[in-house]
Amino acid sequence: MNAAIYRQYRGRIVIEALPDPELTPDGVVLRVEANGICRSDWHGWVGHDPDIVLPHVPGHEIAGVVEEVGRDVRRWKPGDRVSVPFIAGCGRCRPCRGGDQQVCDRQFQPGFHGWGGFAERVALRHADLTLAALPDNVGFLDAASLGCRFATSFRAVQAQGRVTAGDWVAVHGCGGVGLAAVMIARALGANVVAVDIRPEALEMARRVGAVAVVNAAESTDVAGEIRETTGGGAHASLDALGHPDTCFNSVACLRKRGRHVQVGLMTGDHRHARVPMDRVIAWELEMVGSHGLQAYEYDRMLRMVASGFVDPSMLVTRTVTLGEGVDVLTGMDDYNVLGVVVIDRFA
C-alpha cells in the first residue's frame, strides 16, 4: 500500500510502498477513503507525543470502508462505511465502564499509538466498541473531520461547555476545531463571538454562524472587546487553539460563573499556561478540559449531520493527494491552513 512515513521527529515525510497492515482479532482493516489533516498530527511529527514509536505513519481523522474483520468482531462486515473516532476505548477500565471512553486508561489512538490514515489502508483495534456507521447521505469527505475535530468540538460545546439557546459563546482560534465549535454552538441557538488573527478565518467563522468577530492581531484587549460585545462576558468560552494567550483570554472574557473549556492541545513550552486565577475564584468560574467524544455519542452527532442540522462540508476548504497532504502537515506551524484540508487520493 502507499503510505506517508517519517523516521525521525521533524524529519522528512516520504511516500513509500509499505506492507498492508496486520489484522488483530478485535479489529478491522479499513480502506481509507478520506483522512483529514489535523494539527494534532503536526504535534506528533514534531515530537510532542511520547506514545509515538518511530518509524510512524500519521493520520487520525479517518473515514473509509471495512475490508477485513477480525475473528472476535461481531458488529462489522466487509463493505461497511464507517467514521473512526480518534480514541478507541478498551471497554474494560473504570472510565470506560462509567461511559467515559474518551479518557480510557488503555486507549488506542490510530495515528499515535499505531500507524494511521496517511495510507491506503489502516488497521484499527477495539472495532466493536468504537467505529461509527456512516449514514447513507454523509460522504467520506464530511466524515473525515468527524472523528476528531468536529466530534471534539461537539462534546466541548454541548457537554463540557453546557451551551444552551441564548448563551454567548466565545471561540478563540478559528481552525478546524474552532470553526466546528462556532457551527455547533450556533446550531444550539447560542450567539458566537469568534477570535483569530487571520481576516480570512474570521470571515469563514461568520459564514458558519459567528455573529461577531475579534481580530486578535489588531486588538489591544481581546477579552475586553468580548465582554463589551456580550454585555458582560461570555457564558462559555473555548480555547480551540492551545496557546497561552488564547487560554488566558478565554478565561478572562467570561462573565461571572462562566465556563472555560480547554480544547486546543497545550504541549511543549505551553503546557503550564498562566490564567487569571484571582478572577476564577472571585467570579466562581469553571475550567474544564475536553478530550474527544465517547463512541456511543457519535450516533447523536451523526443524526444531526444527516438531518442537515449542522453541515461539516462547509468546513472542508480543500482536498489534496497524499503527497500534497504531507506538505500541508509539515507547514502547520505557520497557522496558515484555513478550515479543514482532506486527503482523498492515495494512489
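Predicted model: local features only at pLDDT ≥ 70, side-chain atom pairs only at ≥ 80, totals over all residues.
In strand β9, His172 has Val195 as its bridge partner. Strand β9 covers residues 191-196 and pairs with β8 in the parallel sense over 5 bridges.

**The sheet around β8 and β9**

- Another of these bridges links Ala170 to Val193 of β9.
- Both strands belong to an open sheet of 6 strands, which run in the order β10-β9-β8-β11-β12-β13 with parallel pairing.
- The edges of this sheet are β10 (212-215) and β13 (286-289), and each has a single partner strand, so one side of each is left without a neighbour in the sheet.
- As you follow the sheet from one strand to the next, the twist averages 20°.

**How enclosed is β8?**

- Strand β8 spans residues 168-172, and because 5 of its 5 residues are buried, it is largely enclosed by the rest of the structure.
- Which residues cover the two faces of β8? Trp168, Ala170 and His172 lie on one side, Val169 and Val171 lie on the other, and all of them are buried.

**Helices α5 and α6**

- Helix α5 takes in residues 146-160 and helix α6 residues 176-187; the two pack at an angle of about 50°, with their axes 8 Å apart.
- That angle makes α5 oblique to α6.
- The crossing of the two helices, α5 and α6, is right-handed.
- On the α5 side, the contact is made by Arg149, Phe150, Ser153, Phe154 and Val157.
- On the α6 side, the contact is made by Gly176, Val177, Ala180, Ala181, Met183, Ile184 and Ala185.
- Sorted by class, this contact of α5 with α6 has 9 nonpolar, 2 polar and 1 charged residues.

**Asn35, a buried residue in β3**

- Asn35 sits in strand β3, which covers residues 28-37.
- Is Asn35 buried or exposed? With 0% relative accessibility, Asn35 counts as buried.
- Leaving aside residues up to four places away in sequence, Asn35 touches Gly59, His60, Glu61, Ile62, Gly117, Phe118, Ala144, Val341, Val342, Ile343 and Phe346.

**Backbone details to look for**

- Leu54 and Pro55 are joined by a cis peptide bond, with omega about -5°.
- To find Pro55, look in the loop between α1 (39-46) and β4 (61-69).
- Arg10 is not a glycine, yet its phi is positive, at about 60°.
- Arg10 belongs to the loop between β1 (2-5) and β2 (14-17).
- Arg257 is also a residue other than glycine with a positive phi, near 65°.
- Where is Arg257 placed? Arg257 lies in strand β12, residues 254-262, and β12 stands between β11 and β13 in the order of the open sheet.
- Arg257 has a relative accessible area of 57%, so it is exposed.

Notes: Residues numbered from 1 in each chain as written. Heavy atoms only, no water. Axes fitted to C-alpha atoms, helices over the stretch in contact; angles between N-to-C directions. Helix = DSSP H or I, 4+ residues; strand = E, 2+ residues; numbered from the N terminus. Parallel < 35°, antiparallel > 145°, perpendicular 65-115°, else oblique. Left-handed = near helix turned anticlockwise from the far one by under 90°. Contact = heavy atoms within 4.5 Å. Nonpolar A, V, L, I, M, F, W, Y, C, P; charged D, E, K, R; others polar. Buried < 20%, exposed > 50% of the residue type's maximum accessible area, 1.4 Å probe, protein only. Pairing = 2+ DSSP bridges.
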